[in-house]
Amino acid sequence: MSEGVMTQQIGHPMEKFQRQVRSLVQSKAVKPADSLWKIALLYGDEWAFWKRELEDFGFTMQDPIDDLLAVETWEEDA
């Protein structure tokens, strides 16, 4: 029998965004060295939200996508 029920943790919205961006890189829609602003074109109306989230975590739109993919945990200061 398994070790009981795993505790379900609600992930930060940025985890989902990071997975989506990783998928874009894997599909070669963007390159890891591309600037974050390049993905703005792919997110359309949702971009304003994601841009604000990225900026809240200290990213600039000139940072490479690789920097976003390198984040291991998304924790906000309480």
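A: Exposed here means over 50% relative accessible area, buried under 20%, and partly exposed in between, with a 1.4 Å probe and protein chains only. This is a predicted model, in which local features need pLDDT of at least 70 and side-chain atom pairs count only at pLDDT 80 or more, while totals for chains, interfaces and linings use all residues. Residues are numbered from 1 along each chain as its sequence is written, and side-chain values use heavy atoms, with hydrogens and water left out.

Q: Which residues of α1 are buried?
A: M14, F17, Q18, V21, L24 and V25 are buried in α1. Seen down the axis of α1, the buried residues fall within an arc of 115°, so they line one face of the helix. The arc is taken over the directions from the helix axis to the C-beta atoms.

Q: What covers the buried residues of α1?
A: The cover includes α2 (40-43), α3 (47-56) and α4 (65-69). Contact means heavy atoms within 4.5 Å.

Q: What span should α1 have, and what does the model give?
A: Helix α1 has 14 residues (13-26) and should span 20 Å at 1.5 Å a residue; its end C-alpha atoms are 20 Å apart, which agrees. The expected span is 1.5 Å times one less than the number of residues.

Q: How many helices and strands are there overall?
A: The chain has four helices and zero strands, in the order α-α-α-α along the sequence. Helices (H or I, at least four residues) and strands (E, at least two) are DSSP runs, numbered from the N terminus.

Q: Now α3: which residues are buried there?
A: W47, W50, E53 and L54 are buried in α3. They cover an arc of only 125° around the axis, which puts them on the same side of α3. The buried residues of α3 pack against α1, α2 and α4.

Q: What follows α3?
A: G58 follows α3, and its phi is positive, near 90°.

Q: Which residue just after α1 takes a positive phi?
A: That is K28, with a phi of about 70°, a positive value in a residue other than glycine. K28 is found in the loop between α1 and α2 and counts as exposed, at 71% relative accessibility.

Q: What else is in that loop?
A: A33 is placed in the loop between α1 and α2, and at 67% relative accessibility A33 counts as exposed. A33 and D66 are 33 residues apart in sequence, yet 6.2 Å apart in space, C-alpha to C-alpha.

Q: Turning to charges, how many salt bridges does a search of the whole structure find?
A: The search finds one salt bridge. It joins K38 and D34, whose closest N and O atoms are 3.6 Å apart. A salt bridge is a side-chain nitrogen of Lys or Arg within 4 Å of a carboxyl oxygen of Asp or Glu. Side chains of opposite charge can pair when their charged atoms come close.

Q: Are K38 and D34 buried, exposed or in between?
A: K38 is partly exposed, with a relative accessible area of 34%, whereas D34 is buried, at 12%.

Q: And M61: buried or exposed?
A: M61 is buried, with a relative accessible area of 11%. M61 is placed in the loop between α3 and α4. Not counting residues up to four places away in sequence, M61 touches S35, L36, W37, W47, K51, L54 and E55.

Q: What does D63 touch?
A: With the neighbours up to four places away in sequence left out, D63 touches D34, S35, L36 and G58. D63 lies in the loop between α3 and α4.

Q: Which residues make the nonpolar surface patch?
A: W37, L41 and L42 make a nonpolar patch of about 360 Å². Patches take residues with over 30% relative accessible area and no salt bridge, joining like charges within 9 Å and nonpolar side chains (Val, Leu, Ile, Met, Phe, Trp, Tyr) within 5 Å. L41 lies in helix α2 and is exposed, with a relative accessible area of 71%.

Note on methods
Areas by Shrake-Rupley, 256 points an atom, 1.4 Å probe, with all protein chains shown as cover.
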